[in-house]
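Subject: Structure handover

Hi,

My notes on it follow below.

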Amino acid sequence: MQFLCCNVLWLVILLVGGLSKCLAQSCREAGLTQRQSPSSGYRCPVLPGEQGLLVAVRSGEKPLTNTERSLIRSGDTTQLLRVIQDTVADEARILRAVSDDIDPDEPLLPLLVKRMYLAVTDTLHPGVGIAAPQVGISRNVIWVKRFDKPGEPFERYLNPRITWRSKLLRKGQEGCLSIADTLGQVLRNYTIRLVYQDMEGVKHEELIEGFTAVIFQHEIDHLNGILFTDRIAEQVSQTYHQVNTEVPLYLEQRLRRQ
Ligand SMILES: [Zn+2]
């Protein structure tokens with residue numbers, strides 16, 4: 001037991017010593033003086049490279065089911081995937097399910113995103129965004145038309161998460177490719193912070209505002225089994241204060257005095 005305690009003590013000393021050395025080194029790399037080192041109370045903002053994790057951590061990705069594989073393979077890169085509808089019981093069940101993360105290395109991912117793109121840009125039923133559950137695939141993949149970028153390109157996002165939302169809300173009209181002949185006024189957060197992966201699996205973080213932020217919120221709601229009509233229903237029972245009569249910006253009533 002004593003032997004074990006001694007070993008643990010040495011391990012602690014070695015770890016503390018190593019950590020101090022790493023912090024001091026990284027501070028130097030960041031151009032900070034020794035006086036600004038952690039010992040003076042200053043916290044170096046640069047993480048030591050030696051402590052970086054060298055392997056990717058899988059977090060919740062599930063392989064596609066055989067049914068999903070068959071659906072994706074049901075056509076080639078020139079054929080769109082049909083958009084499922086909330087009026088069909090089996091399809092509504094998929095729209096109401098919570099999606100899983102997708103592995104960026106999934107071999108069928110390029111075919112899935114291409115066929116989703118063809119669906120959202122279909123001239124018969126064009127949209128400004130689409131989520132994988134809308135083509136019957138319960139995986140966290142979306143396309144969003146970036147109205148906030150030059151040329152307004154469609155872009156694809158894997159495993160998107162909203163990590164922050166502004167208290168300021170924006171009211172605007174929405175529709176959905178999966179809910180025919182229905183439009184409604186929805187309040188959405190004016191600004192969001194988004195974390196996502198690209199097709200190479202590289203993580204990105206972005207601050208997005210306005211109508212483009214609305215599209216992201218609508219599509220990420222799909223990944224959680226939430227439709228825009230659900231948002232309208234839940235907002236009916238809330239009270240909001242309009243900030244400005246010219247622009248449809250709102251705050252929840254309880255935030256009015258802040
Ligand atoms: Zn939709």
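The largest nonpolar core has 42 residues. A nonpolar core here is a set of buried Ala, Val, Leu, Ile, Met, Phe, Trp, Tyr and Cys residues joined through C-beta atoms within 7 Å. Buried means 20 or more other C-beta atoms within 10 Å of the residue's own; exposed means 12 or fewer, and partly exposed lies in between, with C-beta atoms placed from the backbone. Met116, Ile130, Val135, Ile142 and Phe216 have the most contacts inside this core. Helix α5 supplies its largest share, six residues.

This is a predicted model: local features need pLDDT of at least 70, side-chain atom pairs count only at pLDDT 80 or more, and totals for chains, interfaces and linings use all residues. Residues are numbered from 1 along each chain as its sequence is written.

**Helix α5**

Helices (H or I, at least four residues) and strands (E, at least two) are DSSP runs, numbered from the N terminus. α5 covers residues 210-223. Ten of the 14 residues are buried, among them Phe216, His218 and His222. Gly225 follows the helix, with a positive phi near 75 degrees.

Glu219 is in α5. UniProt lists Glu219 for "active site" in an unreviewed entry; positions are in the numbering used here, feature names are shortened, and annotations may be inferred rather than shown by experiment. Glu219 counts as buried because it has 24 C-beta neighbours inside 10 Å. Leaving aside neighbours within four places in sequence, Glu219 is in contact (C-beta atoms, placed from the backbone, within 7 Å) with Gly129, Ala131, Ile142 and Val144.

**Gln134**

Gln134 lies in the loop between β1 (129-131) and β2 (141-145). With 27 C-beta neighbours inside 10 Å, Gln134 is buried too. Its contacts beyond four places in sequence include Val83, Leu177 and His222.

**The sheet**

Four strands form an open sheet in the order β5-β4-β9-β8, with antiparallel pairing (strands pair if DSSP finds at least two bridges between them). β5 (179-189) and β8 (240-242) each have a single partner strand, so one side of each is left without a neighbour in the sheet. β8 and β9 (249-252) pair over three bridges. Tyr240 has Glu252 in β9 as its bridge partner.

Regards

Methods:
Contact = placed C-beta atoms within 7 Å. Expected span 1.5 Å × (residues − 1).
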